[in-house]
Amino acid sequence: MEAINEVHVAESGLVVVDVAAADDQTAFAFQTALAAMWAATSVERTTRDPGQPGVRLRCYLDMRQRLGS
């Protein structure tokens, strides 16, 4: 994955979430659960690292923007 950009963690409450999962379905389900609670970026694809098991995805969320409460 790319290096974390400083702007993504410039303030308290901003979070970069790197997810490693067995498959796309699991990774997207986790990202969807996060997005139901906080303002989060949408993710359209996962990545695979050659020689490593599973898939990875990165999303960004803002814990200052709680949803559904």
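Q: Where in the protein does arginine 48 lie?
A: Secondary-structure elements are read as DSSP runs (helices are H or I runs of at least four residues, strands are E runs of at least two, and both are numbered from the N terminus). In this predicted model, arginine 48 belongs to the loop between β2 and β3. The model is predicted, with local features requiring pLDDT of at least 70, side-chain atom pairs counting only at pLDDT 80 or more, and totals for chains, interfaces and linings using all residues. Residues are numbered from 1 along each chain as its sequence is written, and side-chain values use heavy atoms, with hydrogens and water left out.

Q: Is arginine 48 buried or exposed?
A: The classes rest on relative accessible area (buried is under 20%, exposed is over 50%, and partly exposed is in between, with a 1.4 Å probe and protein chains only). Arginine 48 is exposed because its relative accessible area is 57%.

Q: Which residues is arginine 48 in contact with, leaving aside its neighbours within four places in sequence?
A: A contact is a pair of residues with heavy atoms within 4.5 Å. With the neighbours within four places set aside, arginine 48 is in contact with Asp24, Gly54 and Val55. As for its placement relative to alanine 20, 28 residues apart along the chain, the two C-alpha atoms are separated by 9.6 Å.

Q: Where is valine 55, and is it buried or exposed?
A: Valine 55 has its place in strand β3, and it counts as buried because its relative accessible area is 0%. Apart from neighbours within four places in sequence, its contacts include Val19, Ala20, Ala21 and Ala22, together with Asp23, Asp24 and Ala27, and also Thr46, Thr47 and Arg48. The C-alpha atoms of valine 55 and alanine 27 are separated by 7.5 Å, although the two residues are 28 residues apart along the chain.

Q: Which side chain does threonine 46 join in a polar contact?
A: A polar contact is a pair of N or O atoms within 3.5 Å (within protein, one must be able to donate a hydrogen and the other to accept it, and residues adjacent in sequence count only if both atoms are side-chain atoms). Here the side chains of threonine 46 and aspartate 24 are joined by such a contact at 2.5 Å. Threonine 46 is in the loop between β2 and β3, and it counts as buried because its relative accessibility is 14%. Not counting residues up to four places away in sequence, threonine 46 touches Asp24, Ala27 and Phe28, as well as Val55, Arg56 and Leu57.

Q: What does helix α1 show at glutamine 31?
A: Glutamine 31 is found in helix α1, and its relative accessible area of 7% is why it is classed as buried. Leaving aside neighbours within four places in sequence, its contacts are Ala40, Thr41, Ser42, Val43, Leu57 and Cys59. One of these contacts, Ser42, is found in the loop between β2 and β3, and serine 42 is exposed because its relative accessible area is 64%. Serine 42 and cysteine 59 are 17 residues apart in sequence and 7.0 Å apart in space, C-alpha to C-alpha.

Q: Is tyrosine 60 buried, exposed or partly exposed?
A: Tyrosine 60, in strand β3 (residues 55-66), counts as partly exposed because its relative accessibility is 24%. Its C-alpha atom and that of alanine 10, 50 residues apart along the chain, are separated by 12 Å.

Q: How many helices and strands are there in the protein?
A: There are one helix and three strands, which run β-α-β-β from the N terminus on. Of the contacts with a separation of 6 or more, 59% are between residues 24 or more positions apart, and buried residues make up 25% of the 69 residues.

Q: Where in the protein is confidence lowest, and where is it highest?
A: Confidence is expressed as pLDDT, the predictor's value for each residue from 0 to 100. The protein averages 89, and 94% of the residues score at least 70. Confidence is lowest in strand β2 (residues 38-40), at a mean of 92, and highest in helix α1 (residues 24-37), at 95.
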